Amino acid sequence: MNSTAQIIGTSITQAFLELRANKLRTFLSLLGITIGIFCIIGVLTVLDSMERNLRTSMAALGDDVLYINRQPWMPEQGEEYKWWEYLQRKPLSEMELRAIEHNASGVRYLAIYDRSRVTVKYMDQEAEEITGFAVSQDFERIQNIEVENGRYFSTAELAGGNNVVLVGRELYKTLFTGDAIDKTISFLGKKFTVVGVLKKSGQNMAGFNFDNAVVYPYNAAKALTNLSSMDWGNDPMIMVKAKEGVNVEDMKYQVEGILRAVRRVKPGEKNNFSINQLSQVSKQMDMIFSSVNVVGSIIGGFSLIVGAFGIANIMFVTVKERTKVIGLKKAIGARRGSILSEFLVEAITLCIMGGLIGIVIVLLMSLGLTYGADFPVTLSFKNFFVGIGISAGVGILAGYIPARSAAQLDPVVAIRSN
(Lines give C-alpha, C1' and ligand atoms only; values in the text may rest on other atoms or scores of the structure.)
Protein backbone atom coordinates (compact mmCIF):
# COMPACT_ATOMS: atom_id res chain seq x y z
CA MET A 1 0.00 0.00 0.00
CA ASN A 2 2.80 2.40 0.94
CA SER A 3 4.79 1.54 -2.19
CA THR A 4 1.74 2.19 -4.39
CA ALA A 5 1.18 5.58 -2.77
CA GLN A 6 4.88 6.36 -3.17
CA ILE A 7 4.76 5.46 -6.88
CA ILE A 8 1.70 7.67 -7.39
CA GLY A 9 3.25 10.56 -5.48
CA THR A 10 6.52 10.28 -7.37
CA SER A 11 4.72 10.09 -10.70
CA ILE A 12 2.66 13.19 -9.98
CA THR A 13 5.80 15.06 -8.94
CA GLN A 14 7.54 13.87 -12.12
CA ALA A 15 4.61 15.15 -14.20
CA PHE A 16 5.00 18.64 -12.73
CA LEU A 17 8.76 18.49 -13.30
CA GLU A 18 8.08 17.51 -16.92
CA LEU A 19 5.76 20.47 -17.23
CA ARG A 20 8.45 22.84 -15.92
CA ALA A 21 11.25 21.34 -17.99
CA ASN A 22 9.37 21.33 -21.32
CA LYS A 23 6.86 24.16 -20.97
CA LEU A 24 6.10 24.77 -24.66
CA ARG A 25 5.87 21.11 -25.61
CA THR A 26 3.66 20.30 -22.64
CA PHE A 27 1.50 23.39 -23.17
CA LEU A 28 0.80 22.50 -26.82
CA SER A 29 -0.06 18.93 -25.84
CA LEU A 30 -2.33 19.99 -22.98
CA LEU A 31 -4.05 22.53 -25.25
CA GLY A 32 -5.91 19.77 -27.06
CA ILE A 33 -7.15 18.29 -23.77
CA THR A 34 -8.14 21.74 -22.53
CA ILE A 35 -10.11 22.60 -25.69
CA GLY A 36 -11.77 19.18 -25.74
CA ILE A 37 -12.90 19.33 -22.12
CA PHE A 38 -14.00 22.96 -22.56
CA CYS A 39 -16.16 22.04 -25.56
CA ILE A 40 -17.77 19.01 -23.95
CA ILE A 41 -18.27 20.37 -20.41
CA GLY A 42 -19.11 23.85 -21.73
CA VAL A 43 -21.89 22.46 -23.92
CA LEU A 44 -23.16 20.19 -21.13
CA THR A 45 -23.14 23.06 -18.63
CA VAL A 46 -24.97 25.51 -20.91
CA LEU A 47 -27.53 22.90 -22.00
CA ASP A 48 -28.16 21.76 -18.43
CA SER A 49 -28.60 25.37 -17.33
CA MET A 50 -30.93 26.16 -20.25
CA GLU A 51 -32.99 23.07 -19.50
CA ARG A 52 -33.11 23.94 -15.80
CA ASN A 53 -34.18 27.51 -16.59
CA LEU A 54 -36.85 26.27 -18.99
CA ARG A 55 -38.14 23.73 -16.48
CA THR A 56 -38.27 26.49 -13.86
CA SER A 57 -40.18 28.70 -16.27
CA MET A 58 -42.57 25.84 -17.07
CA ALA A 59 -43.10 25.17 -13.39
CA ALA A 60 -43.89 28.85 -12.80
CA LEU A 61 -46.28 29.10 -15.76
CA GLY A 62 -47.61 25.58 -15.43
CA ASP A 63 -47.84 22.91 -18.11
CA ASP A 64 -51.61 22.90 -17.62
CA VAL A 65 -52.30 26.04 -19.68
CA LEU A 66 -53.72 26.17 -23.22
CA TYR A 67 -52.76 29.14 -25.42
CA ILE A 68 -55.35 29.60 -28.16
CA ASN A 69 -55.03 31.94 -31.15
CA ARG A 70 -54.87 31.93 -34.94
CA GLN A 71 -51.33 30.61 -35.38
CA PRO A 72 -49.60 27.50 -34.05
CA TRP A 73 -46.27 27.98 -32.29
CA MET A 74 -44.68 25.12 -34.17
CA PRO A 75 -45.47 23.59 -37.59
CA GLU A 76 -47.01 20.15 -37.49
CA GLN A 77 -44.56 17.32 -38.08
CA GLY A 78 -43.67 17.04 -41.75
CA GLU A 79 -45.66 20.15 -42.71
CA GLU A 80 -44.63 23.64 -43.80
CA TYR A 81 -45.42 26.56 -41.51
CA LYS A 82 -48.10 28.30 -43.62
CA TRP A 83 -48.18 31.64 -41.82
CA TRP A 84 -49.99 33.36 -44.69
CA GLU A 85 -52.91 30.98 -44.25
CA TYR A 86 -53.00 31.40 -40.48
CA LEU A 87 -53.19 35.20 -40.81
CA GLN A 88 -56.33 34.84 -42.94
CA ARG A 89 -58.15 33.14 -40.10
CA LYS A 90 -60.72 35.13 -38.14
CA PRO A 91 -59.20 36.49 -34.89
CA LEU A 92 -60.51 35.17 -31.62
CA SER A 93 -62.73 37.35 -29.47
CA GLU A 94 -64.55 37.47 -26.15
CA MET A 95 -67.33 35.45 -27.73
CA GLU A 96 -65.05 32.38 -27.74
CA LEU A 97 -63.85 33.25 -24.23
CA ARG A 98 -67.42 33.28 -22.87
CA ALA A 99 -68.28 30.06 -24.70
CA ILE A 100 -65.38 28.28 -23.00
CA GLU A 101 -66.28 29.85 -19.66
CA HIS A 102 -69.89 28.64 -19.81
CA ASN A 103 -69.41 25.23 -21.40
CA ALA A 104 -66.00 23.83 -20.45
CA SER A 105 -65.67 21.96 -17.17
CA GLY A 106 -62.37 21.73 -15.33
CA VAL A 107 -61.31 25.32 -16.11
CA ARG A 108 -59.72 27.15 -13.19
CA TYR A 109 -58.76 30.44 -14.86
CA LEU A 110 -59.16 31.87 -18.33
CA ALA A 111 -58.20 35.19 -19.83
CA ILE A 112 -57.90 37.00 -23.13
CA TYR A 113 -55.17 39.42 -24.09
CA ASP A 114 -53.82 41.22 -27.15
CA ARG A 115 -50.45 42.79 -27.76
CA SER A 116 -49.32 45.73 -29.86
CA ARG A 117 -46.36 48.03 -30.47
CA VAL A 118 -46.84 51.45 -28.91
CA THR A 119 -44.95 54.68 -28.30
CA VAL A 120 -45.10 55.70 -24.65
CA LYS A 121 -44.66 59.31 -23.55
CA TYR A 122 -44.13 60.87 -20.14
CA MET A 123 -43.57 64.63 -20.05
CA ASP A 124 -40.56 65.18 -22.35
CA GLN A 125 -39.50 61.50 -22.30
CA GLU A 126 -40.51 59.12 -25.07
CA ALA A 127 -39.98 55.38 -25.61
CA GLU A 128 -40.73 53.73 -28.96
CA GLU A 129 -41.42 50.12 -29.92
CA ILE A 130 -42.79 49.27 -26.49
CA THR A 131 -44.95 46.14 -26.20
CA GLY A 132 -48.47 46.90 -25.03
CA PHE A 133 -50.40 44.07 -23.33
CA ALA A 134 -54.16 44.55 -23.12
CA VAL A 135 -55.29 41.97 -20.56
CA SER A 136 -58.52 40.72 -19.03
CA GLN A 137 -59.27 39.42 -15.56
CA ASP A 138 -57.21 36.44 -14.30
CA PHE A 139 -54.35 37.16 -16.70
CA GLU A 140 -52.01 37.71 -13.74
CA ARG A 141 -53.03 34.38 -12.22
CA ILE A 142 -51.96 32.50 -15.34
CA GLN A 143 -48.78 34.44 -16.11
CA ASN A 144 -47.61 35.06 -12.52
CA ILE A 145 -47.07 38.79 -12.92
CA GLU A 146 -45.18 40.25 -9.95
CA VAL A 147 -45.61 43.91 -9.01
CA GLU A 148 -42.50 45.44 -7.42
CA ASN A 149 -43.97 48.85 -6.55
CA GLY A 150 -47.62 49.83 -6.37
CA ARG A 151 -50.41 47.34 -7.04
CA TYR A 152 -52.15 45.27 -9.70
CA PHE A 153 -55.49 46.23 -11.28
CA SER A 154 -58.66 45.85 -9.26
CA THR A 155 -61.57 43.79 -10.59
CA ALA A 156 -63.57 46.99 -11.10
CA GLU A 157 -60.77 48.60 -13.13
CA LEU A 158 -60.50 45.56 -15.41
CA ALA A 159 -64.27 45.26 -15.87
CA GLY A 160 -64.78 48.99 -16.37
CA GLY A 161 -61.86 49.46 -18.72
CA ASN A 162 -60.28 52.21 -16.64
CA ASN A 163 -57.25 53.98 -18.09
CA VAL A 164 -54.78 52.48 -15.61
CA VAL A 165 -51.45 50.89 -16.50
CA LEU A 166 -48.54 48.83 -15.19
CA VAL A 167 -45.08 49.62 -16.54
CA GLY A 168 -42.20 47.18 -16.93
CA ARG A 169 -38.96 47.64 -15.02
CA GLU A 170 -36.86 48.64 -18.06
CA LEU A 171 -39.49 51.08 -19.31
CA TYR A 172 -39.69 52.59 -15.81
CA LYS A 173 -35.93 53.27 -15.87
CA THR A 174 -36.28 54.89 -19.32
CA LEU A 175 -39.14 57.24 -18.43
CA PHE A 176 -38.85 57.99 -14.72
CA THR A 177 -36.18 59.14 -12.30
CA GLY A 178 -38.31 58.86 -9.16
CA ASP A 179 -41.59 57.31 -8.07
CA ALA A 180 -43.86 56.43 -11.00
CA ILE A 181 -47.03 55.63 -9.05
CA ASP A 182 -49.99 57.91 -9.90
CA LYS A 183 -48.00 59.55 -12.70
CA THR A 184 -49.72 59.92 -16.10
CA ILE A 185 -48.28 58.46 -19.30
CA SER A 186 -49.80 58.46 -22.76
CA PHE A 187 -49.95 55.93 -25.59
CA LEU A 188 -52.49 54.95 -28.25
CA GLY A 189 -53.72 58.54 -28.10
CA LYS A 190 -54.96 58.22 -24.49
CA LYS A 191 -53.65 59.07 -21.03
CA PHE A 192 -53.15 56.28 -18.49
CA THR A 193 -52.44 56.47 -14.76
CA VAL A 194 -49.55 54.31 -13.53
CA VAL A 195 -50.68 52.08 -10.65
CA GLY A 196 -47.70 49.72 -10.48
CA VAL A 197 -44.17 48.90 -11.64
CA LEU A 198 -43.49 45.28 -12.54
CA LYS A 199 -40.62 43.25 -11.19
CA LYS A 200 -37.86 42.44 -13.70
CA SER A 201 -38.53 38.95 -15.07
CA GLY A 202 -37.11 38.53 -18.59
CA GLN A 203 -38.81 36.48 -21.29
CA ASN A 204 -40.64 33.33 -20.29
CA MET A 205 -41.34 30.18 -22.29
CA ALA A 206 -44.71 31.45 -23.48
CA GLY A 207 -43.00 34.43 -25.14
CA PHE A 208 -44.04 37.07 -22.61
CA ASN A 209 -41.55 39.77 -21.67
CA PHE A 210 -42.94 42.46 -19.43
CA ASP A 211 -39.68 44.30 -18.73
CA ASN A 212 -40.03 46.81 -21.59
CA ALA A 213 -43.80 46.86 -21.75
CA VAL A 214 -47.05 48.41 -20.57
CA VAL A 215 -49.94 46.31 -19.28
CA TYR A 216 -53.45 47.78 -19.27
CA PRO A 217 -57.09 46.54 -19.16
CA TYR A 218 -58.46 44.77 -22.23
CA ASN A 219 -61.70 46.73 -21.99
CA ALA A 220 -59.74 49.98 -22.10
CA ALA A 221 -58.24 48.87 -25.41
CA LYS A 222 -61.70 47.98 -26.76
CA ALA A 223 -62.89 51.49 -25.93
CA LEU A 224 -60.31 52.95 -28.31
CA THR A 225 -62.62 52.60 -31.31
CA ASN A 226 -60.51 54.88 -33.50
CA LEU A 227 -57.69 52.32 -33.68
CA SER A 228 -56.89 50.49 -36.87
CA SER A 229 -55.45 46.96 -36.96
CA MET A 230 -52.02 48.55 -37.54
CA ASP A 231 -52.29 50.47 -34.28
CA TRP A 232 -53.57 47.61 -32.20
CA GLY A 233 -52.58 43.95 -32.34
CA ASN A 234 -55.97 42.63 -33.54
CA ASP A 235 -54.83 39.08 -32.84
CA PRO A 236 -56.15 38.23 -29.37
CA MET A 237 -55.04 35.09 -27.55
CA ILE A 238 -57.14 33.13 -25.07
CA MET A 239 -55.43 31.34 -22.19
CA VAL A 240 -57.13 28.52 -20.32
CA LYS A 241 -55.69 27.03 -17.12
CA ALA A 242 -56.97 23.70 -15.86
CA LYS A 243 -58.13 23.00 -12.33
CA GLU A 244 -55.82 20.95 -10.15
CA GLY A 245 -56.19 17.26 -10.93
CA VAL A 246 -57.88 17.83 -14.30
CA ASN A 247 -56.28 16.06 -17.28
CA VAL A 248 -55.07 18.78 -19.66
CA GLU A 249 -55.57 16.63 -22.76
CA ASP A 250 -59.20 16.02 -21.79
CA MET A 251 -59.73 19.75 -21.30
CA LYS A 252 -58.00 20.46 -24.61
CA TYR A 253 -60.31 18.05 -26.43
CA GLN A 254 -63.36 19.69 -24.79
CA VAL A 255 -62.19 23.24 -25.58
CA GLU A 256 -61.47 22.25 -29.18
CA GLY A 257 -65.05 20.99 -29.58
CA ILE A 258 -66.50 24.18 -28.12
CA LEU A 259 -64.42 26.40 -30.41
CA ARG A 260 -65.24 24.35 -33.50
CA ALA A 261 -68.93 24.82 -32.73
CA VAL A 262 -68.65 28.57 -32.01
CA ARG A 263 -66.49 29.22 -35.08
CA ARG A 264 -68.74 27.02 -37.27
CA VAL A 265 -66.08 24.53 -38.38
CA LYS A 266 -67.75 21.74 -40.34
CA PRO A 267 -67.05 18.07 -39.60
CA GLY A 268 -63.94 16.94 -41.47
CA GLU A 269 -62.58 20.47 -41.87
CA LYS A 270 -59.36 21.59 -40.21
CA ASN A 271 -59.56 23.90 -37.24
CA ASN A 272 -59.45 27.62 -38.04
CA PHE A 273 -57.64 28.22 -34.77
CA SER A 274 -54.63 26.74 -32.96
CA ILE A 275 -54.31 25.36 -29.45
CA ASN A 276 -50.73 25.62 -28.19
CA GLN A 277 -49.05 24.22 -25.08
CA LEU A 278 -45.67 24.74 -23.44
CA SER A 279 -44.95 21.04 -23.94
CA GLN A 280 -44.62 21.77 -27.68
CA VAL A 281 -41.81 24.24 -26.99
CA SER A 282 -40.24 21.85 -24.50
CA LYS A 283 -40.15 19.00 -27.03
CA GLN A 284 -38.67 21.26 -29.70
CA MET A 285 -36.03 22.51 -27.28
CA ASP A 286 -35.15 18.91 -26.33
CA MET A 287 -34.45 18.18 -29.99
CA ILE A 288 -32.28 21.29 -30.30
CA PHE A 289 -30.44 20.42 -27.08
CA SER A 290 -29.72 16.92 -28.37
CA SER A 291 -28.36 18.25 -31.68
CA VAL A 292 -26.14 20.86 -29.99
CA ASN A 293 -24.92 18.23 -27.53
CA VAL A 294 -23.92 15.91 -30.38
CA VAL A 295 -22.10 18.71 -32.24
CA GLY A 296 -20.28 19.82 -29.08
CA SER A 297 -19.30 16.24 -28.29
CA ILE A 298 -17.94 15.71 -31.81
CA ILE A 299 -15.85 18.90 -31.68
CA GLY A 300 -14.66 18.03 -28.18
CA GLY A 301 -13.94 14.45 -29.24
CA PHE A 302 -11.66 15.55 -32.08
CA SER A 303 -9.85 17.93 -29.72
CA LEU A 304 -9.39 15.14 -27.20
CA ILE A 305 -7.99 12.84 -29.89
CA VAL A 306 -5.45 15.52 -30.84
CA GLY A 307 -4.66 16.04 -27.18
CA ALA A 308 -4.30 12.30 -26.59
CA PHE A 309 -1.76 12.03 -29.39
CA GLY A 310 0.10 14.98 -27.89
CA ILE A 311 0.20 13.36 -24.44
CA ALA A 312 1.31 10.06 -25.98
CA ASN A 313 4.10 11.88 -27.80
CA ILE A 314 5.23 13.50 -24.53
CA MET A 315 5.27 10.12 -22.81
CA PHE A 316 7.26 8.47 -25.61
CA VAL A 317 9.83 11.29 -25.42
CA THR A 318 9.86 10.99 -21.62
CA VAL A 319 10.48 7.22 -21.83
CA LYS A 320 13.31 7.87 -24.27
CA GLU A 321 14.90 10.51 -22.01
CA ARG A 322 14.64 8.33 -18.91
CA THR A 323 15.65 5.00 -20.45
CA LYS A 324 18.84 4.67 -18.32
CA VAL A 325 16.88 5.50 -15.16
CA ILE A 326 14.31 2.84 -16.04
CA GLY A 327 17.15 0.33 -16.60
CA LEU A 328 18.68 1.11 -13.20
CA LYS A 329 15.30 0.77 -11.47
CA LYS A 330 14.69 -2.60 -13.08
CA ALA A 331 18.25 -3.71 -12.28
CA ILE A 332 17.72 -3.12 -8.56
CA GLY A 333 14.40 -4.99 -8.54
CA ALA A 334 11.67 -2.66 -9.79
CA ARG A 335 8.81 -4.68 -11.27
CA ARG A 336 7.15 -4.10 -14.62
CA GLY A 337 3.93 -3.12 -12.87
CA SER A 338 5.58 -0.32 -10.91
CA ILE A 339 7.24 1.08 -14.06
CA LEU A 340 3.93 0.83 -15.94
CA SER A 341 2.07 2.56 -13.10
CA GLU A 342 4.67 5.32 -12.85
CA PHE A 343 4.32 6.44 -16.47
CA LEU A 344 0.56 5.81 -16.56
CA VAL A 345 -0.04 8.01 -13.50
CA GLU A 346 2.17 10.68 -15.05
CA ALA A 347 0.08 10.66 -18.26
CA ILE A 348 -3.18 10.77 -16.29
CA THR A 349 -1.87 13.67 -14.18
CA LEU A 350 -0.99 15.68 -17.30
CA CYS A 351 -4.44 15.04 -18.80
CA ILE A 352 -6.24 15.97 -15.59
CA MET A 353 -4.22 19.21 -15.49
CA GLY A 354 -5.43 20.02 -19.01
CA GLY A 355 -8.98 19.06 -18.06
CA LEU A 356 -8.91 21.27 -14.97
CA ILE A 357 -7.82 24.23 -17.08
CA GLY A 358 -10.77 23.58 -19.42
CA ILE A 359 -13.17 23.31 -16.46
CA VAL A 360 -11.86 26.58 -14.98
CA ILE A 361 -12.54 28.29 -18.34
CA VAL A 362 -16.09 26.86 -18.29
CA LEU A 363 -16.54 28.17 -14.75
CA LEU A 364 -15.40 31.66 -15.79
CA MET A 365 -17.73 31.51 -18.79
CA SER A 366 -20.65 30.52 -16.55
CA LEU A 367 -19.95 33.44 -14.20
CA GLY A 368 -19.77 35.82 -17.17
CA LEU A 369 -23.12 34.62 -18.54
CA THR A 370 -24.76 34.67 -15.11
CA TYR A 371 -23.72 38.17 -14.09
CA GLY A 372 -22.98 39.78 -17.46
CA ALA A 373 -25.73 38.44 -19.72
CA ASP A 374 -28.38 37.82 -17.01
CA PHE A 375 -28.54 34.15 -18.02
CA PRO A 376 -28.06 31.87 -14.98
CA VAL A 377 -25.47 29.18 -15.78
CA THR A 378 -24.15 26.77 -13.15
CA LEU A 379 -21.33 24.27 -13.42
CA SER A 380 -22.73 21.23 -11.63
CA PHE A 381 -20.69 18.73 -9.63
CA LYS A 382 -21.85 16.07 -12.08
CA ASN A 383 -20.33 17.89 -15.06
CA PHE A 384 -17.18 18.65 -13.04
CA PHE A 385 -16.61 14.97 -12.31
CA VAL A 386 -17.55 14.05 -15.90
CA GLY A 387 -14.76 16.38 -17.08
CA ILE A 388 -12.25 14.88 -14.64
CA GLY A 389 -13.33 11.36 -15.62
CA ILE A 390 -12.94 12.03 -19.34
CA SER A 391 -9.52 13.60 -18.72
CA ALA A 392 -8.39 10.57 -16.71
CA GLY A 393 -9.74 8.22 -19.39
CA VAL A 394 -7.82 10.06 -22.11
CA GLY A 395 -4.72 9.88 -19.90
CA ILE A 396 -5.06 6.11 -19.60
CA LEU A 397 -5.55 5.67 -23.35
CA ALA A 398 -2.71 8.05 -24.24
CA GLY A 399 -0.26 6.79 -21.65
CA TYR A 400 -0.76 3.04 -21.74
CA ILE A 401 1.35 2.23 -24.83
CA PRO A 402 4.35 4.43 -23.80
CA ALA A 403 4.11 3.09 -20.23
CA ARG A 404 3.97 -0.49 -21.51
CA SER A 405 7.01 0.08 -23.71
CA ALA A 406 8.90 1.45 -20.68
CA ALA A 407 7.89 -1.53 -18.55
CA GLN A 408 9.12 -4.01 -21.19
CA LEU A 409 12.60 -2.48 -21.55
CA ASP A 410 15.49 -4.87 -20.96
CA PRO A 411 17.49 -3.43 -18.00
CA VAL A 412 20.94 -4.19 -19.55
CA VAL A 413 20.01 -2.64 -22.91
CA ALA A 414 18.41 0.32 -21.15
CA ILE A 415 21.49 1.03 -19.01
CA ARG A 416 23.79 0.93 -22.06
CA SER A 417 21.60 3.28 -24.10
CA ASN A 418 22.83 6.77 -24.97
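**Figure 1. Helix α9 in the predicted model**. Helix α9 covers residues 248-262, which makes 15 residues. From its first C-alpha to its last the helix reaches 21 Å, close to the 21 Å expected at 1.5 Å a residue. The buried residues of α9 are V248, M251, V255, I258, L259 and R260. Elements that cover these buried residues include β1 (65-69), α4 (94-103), β2 (107-122), β9 (237-242) and β10. At the start of the helix, a side-chain oxygen of N247 comes to within 2.9 Å of the backbone nitrogen of E249. After α9 comes R264, with a positive phi near 55 degrees.

Figure 2. In one, the side chain of S274 reaches the backbone oxygen of R70 at 3.4 Å. In the other, the side chains of S274 and R89 are joined by a polar contact of 3.1 Å. Apart from neighbours within four places in sequence, S274 is in contact with Y67, I68, N69, R70, Q71, P72 and R89.

**Figure 3. The largest nonpolar core and a second core**. The largest nonpolar core has 46 residues. I68, I100, I185, F187, V214 and Y216 touch the most other members of this core. Strand β2 gives the most to the core, with six residues. A second core is separate and has 32 residues, including L30, L379, A392 and V394. In soluble globular proteins, nonpolar side chains tend to be buried together.

**Figure 4. Contacts of V214**. V214 belongs to the largest nonpolar core. Leaving aside neighbours within four places in sequence, the residues in contact with V214 include V118, V120, I130, T131, G132 and F133. Others in contact with V214 are V165, L166, V167 and L171, together with I185 and F187. I185 and F187 are also among the core members that touch the most others.

**Figure 5. Aromatic pairs**. The whole structure holds 11 aromatic pairs. Y122 counts as buried at 13% relative accessibility, and F176 is buried with a relative accessible area of 6%. The rings of F192 and Y216 have centres 5.5 Å apart and planes at 65 degrees, so this pair is edge-to-face. F192 lies in strand β7 (residues 190-198) and Y216 in strand β8 (residues 213-217), so the pair ties together parts 24 residues apart in sequence. F192 is buried, with a relative accessible area of 0%, and Y216 counts as buried at 0% relative accessibility. Elsewhere, Y113, F133, F139 and F210 form one aromatic cluster.

**Figure 6. N383 in helix α13**. Helix α13 spans residues 381-407 and contains N383. At 1% relative accessibility, N383 counts as buried. Not counting residues up to four places away in sequence, N383 touches I41, L44, T45 and D48.

**Figure 7. Positive phi at M123 and E129**. M123 is not a glycine, yet has a positive phi of about 55 degrees. M123 is placed in the loop between β2 and β3 (125-135) and counts as exposed at 70% relative accessibility. E129, also a residue other than glycine, has a positive phi near 55 degrees. E129 is placed in strand β3 and is exposed, with a relative accessible area of 54%.

**Figure 8. The whole protein, for orientation**. The protein has 14 helices and 10 strands. Of its 418 residues, 46% count as buried. Among contacts between residues at least 6 apart in sequence, 77% join residues at least 24 apart. The protein exposes about 22,000 Å², and carbon and sulfur atoms supply 57% of this area.

Technical notes:
Residues are numbered from 1 along each chain as its sequence is written. This is a predicted model: local features need pLDDT of at least 70, side-chain atom pairs count only at pLDDT 80 or more; totals for chains, interfaces and linings use all residues. Side-chain values use heavy atoms; hydrogens and water are left out. A polar contact is a pair of N or O atoms within 3.5 Å; within protein, one must be able to donate a hydrogen and the other to accept it, and residues adjacent in sequence count only if both atoms are side-chain atoms. Contact means heavy atoms within 4.5 Å. Helices (H or I, at least four residues) and strands (E, at least two) are DSSP runs, numbered from the N terminus. The expected span of a helix is 1.5 Å times one less than its number of residues. Buried means under 20% relative accessible area, exposed over 50%, partly exposed in between (1.4 Å probe, protein chains only). A nonpolar core is a set of buried Ala, Val, Leu, Ile, Met, Phe, Trp, Tyr and Cys residues joined through side-chain atoms within 4.5 Å. Rings of Phe, Tyr and Trp (its six-membered ring) pair if their centres lie within 6.5 Å; planes under 30 degrees apart count as stacked, over 60 as edge-to-face and the rest as tilted. Accessible areas come from the Shrake-Rupley method with a 1.4 Å probe; for residues, only the protein chains shown count as cover.
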